Amino acid sequence: MAEPRKIIIDTDPGQDDAAAIMLALGSPDELDVLGITTVAGNVPLALTSRNARVVCELCDRRDVKVYEGAERPLLRQLVTAEHVHGKTGLDGPVVDEPTMQVEAQHAVDFIIETIRAHEAGTVTLCTLGALTNIAHALQKAPEIAPRVRELVMMGGGFFEGGNITPAAEFNIYVDPDAAKIIFASGIPIVMMPLDVTHKVLTYKSRVEKIRAIGSRPAVAMAEMLDFFERFDIEKYGSDGGPLHDPTVIAYLLRPELFKGRDCNVEIETASELTVGMTVVDWWQVTDRKHNAKVMREVDDQGFFDLLTERLARL
Ligand code: BDR
Ligand code: CA
């Protein structure tokens, strides 16, 4: 069997981030989680760092290393999303406060050192939040860009529009200046936009299958999804909310679940009305260089089957 793929998960948990982390930790044959780096986003940094550790402890994986990163976006004030994720960012289950500590090293330095220390083209970055940490790493050590195997992100939206403003998806909106740096970096990017994540809905029947696994992490996940979906059900009027972030990990495990195309993507940073918009040249109407594979279709049942199967392994 091939060596597990080496990944760093950069995240702002968030219930859907938690699902992504659990999906990765439930897939040790395929994925080697070198570290989890936290960033401010859904909630402030102290909480995203707490939540990352809560998730590791729920999975009984106190050995996973968690590194704390940026407290605020590169140039702007932090925007958070307690209205979606609750006060802690991980509302839903009753959990113990984590006992594991964050590592002493800063997330940005961990990212740089890890990419330098491994053979070029072997470390994949999985980003589930604002791109602040990665942008800092590229600013501090630009030579790491060509060494990154791939950056798979949850971010952006095009046909679906935005979810925090009519034009912008939350992760890109929080730090559009960071996103701009990433899309100009030359790193091979795979983008999971709202166009995909709005198709993976947490139907009651899907959540019940997860709960029925009966283990601590699976039941906690079902409780997180019970909480998480109430906001989206109200907003979108659907039976279940979109489960954004685990699409990133699912892509690494089963890329055939997704369909998309290579495009040019530019980030709007100036316009007050559309700041944070991912301008995707889907129809190839410019001669701007392709810089990302933008996904649009997903086998949603295949995705939930995979998630459920891997949660059962934890
Ligand atoms: C993204 O924003 C966050 O609220 C979620 O965790 C996800 O990463 C969806 O727009
Ligand atoms: Ca997230």
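User: In which strand is Glu68 found, and which residues does Glu68 touch?

Analyst: Glu68 belongs to strand β3, residues 66-68. Contact means heavy atoms within 4.5 Å. Not counting residues up to four places away in sequence, Glu68 touches Thr38, Leu45, Ala46, Ser49, Val102, Gln105, His106 and Ala107. With Ser49 there is a side-chain polar contact of 3.0 Å; such a contact is a pair of N or O atoms within 3.5 Å where, within protein, one must be able to donate a hydrogen and the other to accept it, and residues adjacent in sequence count only if both atoms are side-chain atoms.

User: On what basis are these values given?

Analyst: This is a predicted model, in which local features need pLDDT of at least 70 and side-chain atom pairs count only at pLDDT 80 or more, whereas totals for chains, interfaces and linings use all residues. Residues are numbered from 1 along each chain as its sequence is written, chains are lettered from A and ligands numbered from 1 in the order in which they are written, and side-chain values use heavy atoms, with hydrogens and water left out.

User: Is Thr202 buried or exposed?

Analyst: Buried means under 20% relative accessible area, exposed over 50%, and partly exposed in between, with a 1.4 Å probe and protein chains only. Thr202 has 1% relative accessibility and therefore counts as buried. Thr202 lies in the loop between α8 (194-197) and α9 (204-212), and its contacts beyond four places in sequence include Leu225, Glu229 and Phe304. Glu68, by comparison, is partly exposed because its relative accessibility is 28%. Thr308, in helix α12 (residues 300-311), is buried at 16%.

User: Which atoms coordinate the calcium ion (ligand 2)?

Analyst: Donors are N, O and S atoms within 2.8 Å of the metal (3.2 Å for Na, K and Ca); water is not among the atoms, so sites may look incomplete. The calcium ion (ligand 2) is coordinated at 2.2 to 2.6 Å by Asp12 (OD), Asp17 (OD), Asp17 (OD), Leu128 (O) and Asp245 (OD). Asp17 lies in helix α1 and Asp245 in the loop between α10 and α11 (246-253), so this pair ties together parts 228 residues apart in sequence. Both Asp17 and Asp245 are buried.

User: How is a backbone angle to be read?

Analyst: Most residues other than glycine have a negative phi, and most peptide bonds are trans. Asp60, a residue other than glycine, has a positive phi near 60°. Asp60 is found in the loop between α2 (45-58) and β3, and it counts as exposed because its relative accessibility is 58%. Gln284 also has a positive phi, of about 55°, and sits in the loop between β9 (278-280) and β10 (292-298). A cis peptide bond, with omega about -5°, joins Pro13 and Gly14.

User: Which residues of helix α5 are buried?

Analyst: An α-helix has 3.6 residues a turn, so residues three or four places apart point the same way. In helix α5 (residues 132-140), the buried residues are Thr132, Asn133, Ile134, Ala135, Ala137 and Leu138. Among the elements that cover them are β1 (5-11), β2 (31-38) and α7 (176-183).

Technical notes: Helix = DSSP H or I, 4+ residues; strand = E, 2+ residues; numbered from the N terminus.
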